[in-house]
Amino acid sequence: MTIVILFHDITSLLLVIYLVILIAGGGVMLRINHVSKSFKGQQVLRDITFQIAEGESILLLGANGAGKSTLLKIVLQMLKQDRGSMEWKGKKPHIGYVPQAPSMIGNLTVYQFASYVLSLHGKRVQVLTVLQDAGLEPKKKVLTGNLSTGQMKRLLFQLAVAVKPKLLIMDEPTAGMDLEAKRQFRKRLLDVRAEGISVLVTTHILLEAEELADRLLYLEDGVIKVDRPIEDIMLDRKSISFRTDFKYKGFLLSMGYTQQEGLYQKLTEDADKELQLLIQHNIKFTQLEIKGDTLEQYVEGLEREEVGT
Amino acid sequence: MKSIVVTVGMELQRMIKDRYFLCFSLLMPFIFYILFTYINRGAAVDGIEFDYYFLISMTCYSLVVTSVQTFGIQIMYDRMQTWMDYLFTHPLTPSQYFISRIITQLLLNTLIVSLFFLVVNAWKQFDRPLEEWIMTSLWLLAGSILFLTIGILIAQSRKVETASVTANIVVLGLAILGGLWMPLQTFPNWVQMIGEWLPSYLFARGAWTIASGEGIEIFNIIILTCYFLVLFIGAMILQYRQRS
């Protein structure tokens, strides 16, 4: 009774429990501490520190060459870091992996390939279920070398989740998929998250990421530039727009607004302060709209800053 | 252990469908055998009838091609095409993978020896005791491990093209100068002097001496063991360097 009074609703209660677990460190699955990596004297990752909580989904972004794939490979232990450490909670768990460019051996059939991968995990009985979930049951006798990139990724994704990993790492998982396959992928990924599997994903399709990820890690030149919850990002920066009299144009443009067909617009980190300022200057406006920034807009802003520097 | 068994099964499925293996390791030596035994019918080398002598030569050649070229280049491709990286995200360690590949290759080598011996013996009806067939087969299988290390060495190349060219040169050199295509006695003296020290010649010579009733010479075993140790250590050093 007391708990209900204190927290008003179940969502707040769950949030507080989640935060308590995080603070206590019990929910952290992997800690990456000050990891650096260089190739032939060229520094690719510098002092990377972050953690992945159990059940958390992290979106890893950055321009080409920012170090995303290197970081994924270090987490997967395909590469060894030059400096720093990785600490798993307990024994290193099984990691599911969907590679960016799946160049698999071409002369196994889809069935043989799936059967082999599942057999390594002692789950060979699930082959047909996996092929059905990947929509590839009719192609079970086709050689994997004859599958399209999208089909291969569907298969790799279903294989990765079929063995119930604790962490799922995906490098551009939807590249090459058609619309229907992407829709199915999103649905399945939501199921995966509901199962409590942590996810570390790179993608260029940010509309998907808003729904599917909890946190954004943005890499720039091998350094983490942003590490923030996506919800925060979307609440934080807002787009304010309104219509007003032409006489205010000069003032508004000097305040950083853009104007298009009588509509004034500005991206701001403090919409309330912006609104107060308009009121203080007696600016009469109509059709006022304050919208949260989309992840896409936010990342575009980061990329613009990067190009600027 | 389960991972190794499953991987061997998968690799066997894969290899049996491999056109390169079927063509260069099975079909080509068999065609050579038909051709050369027809040309040299009735001949003998070191007191061994040419048909049997050349059966040993072509079986050795097939084992060299499979171990150096097919095995080496395939490992190279697997490494370059991220297939290995993908595999190691599953319950399979690099050492389990390499053990599986070597077991697969030894099974394929057993298949090659059995196939050649059974098919050619059914055709030519050699009058040789079973123990000799078994002894020769065991020698060839044990000796083929040396050529697998050459395959592993070639697989350390940085480019597929380099590996492919190197494998071709090594296989042709070992086959021709080692007397697998033509008896070494038909070459000039200076070529014979080089050929006698090549692992391919020493490998086949072990089987030829079993056929002539002399038994395998200790010197032969020592030299082949030295070759194996040098190549094996070389392959391990290169592999370590590449990983680090």
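Predicted model: local features only at pLDDT ≥ 70, side-chain atom pairs only at ≥ 80, totals over all residues.

Helices (H or I, at least four residues) and strands (E, at least two) are DSSP runs, numbered from the N terminus.

Residues are numbered from 1 along each chain as its sequence is written, chains are lettered from A and ligands numbered from 1 in the order in which they are written, and side-chain values use heavy atoms, with hydrogens and water left out.

**Stop 1: a strand pair in chain A**

Select A:Tyr97 and A:Ile169; the tyrosine stands opposite this isoleucine of β6(A). Now widen the selection to β5(A) and strand β6 (residues 167–171) of chain A, which pair in the parallel sense over 4 bridges. In a regular strand the side chains alternate between the two faces of the sheet. Strand β5 (residues 95–98) of chain A sends A:Ile95 and A:Tyr97 one way and A:Gly96 and A:Val98 the other, and all are buried. Here buried means under 20% relative accessible area, exposed over 50%, and partly exposed in between (1.4 Å probe, protein chains only).

**Stop 2: salt bridges**

Side chains of opposite charge can pair when their charged atoms come close. The rule for a salt bridge is a side-chain nitrogen of Lys or Arg within 4 Å of a carboxyl oxygen of Asp or Glu. Over all chains, a search of the whole structure turns up 18 of them.

Pick A:Arg193 and A:Asp214, whose side chains meet in a salt bridge at 2.6 Å, N to O. A:Arg193 sits in helix α7 (residues 179–194) of chain A and A:Asp214 in the loop between α8 (206–212) and β8 (215–220), so the pair ties together parts 21 residues apart in sequence. A:Asp214 counts as partly exposed because its relative accessibility is 29%.

Jump to chain B and select B:Lys124 with B:Asp51, a salt bridge at 3.2 Å, N to O. The lysine belongs to helix α5 (residues 94–124) of chain B and the aspartate to helix α3 of chain B, so this pair ties together parts 73 residues apart in sequence. Which end is buried and which partly exposed? B:Lys124 is partly exposed at 25% relative accessible area, whereas B:Asp51 is buried at 17%.

Then try B:Arg128 and B:Glu132: their closest N and O atoms are 2.9 Å apart in a salt bridge, and both residues are buried. Also highlight B:Glu11, B:Arg14, B:Asp78 and B:Arg101, joined into one network by salt bridges that share partners.

**Stop 3: a buried glycine**

Select B:Gly72 in helix α3 (residues 50–80) of chain B. At 0% relative accessibility, B:Gly72 is buried. Leaving out residues up to four places away in sequence, B:Gly72 touches B:Ser67, B:Gly151 and B:Ala155, where contact means heavy atoms within 4.5 Å.

**Stop 4: where the chains meet**

Show both chains: 20 residues of chain B are in contact with 24 residues of chain A. How many salt bridges are counted between chain B and chain A? The count is 0. The largest share, 7 residues, comes from α1(B).

Note on methods. Pairing = 2+ DSSP bridges.
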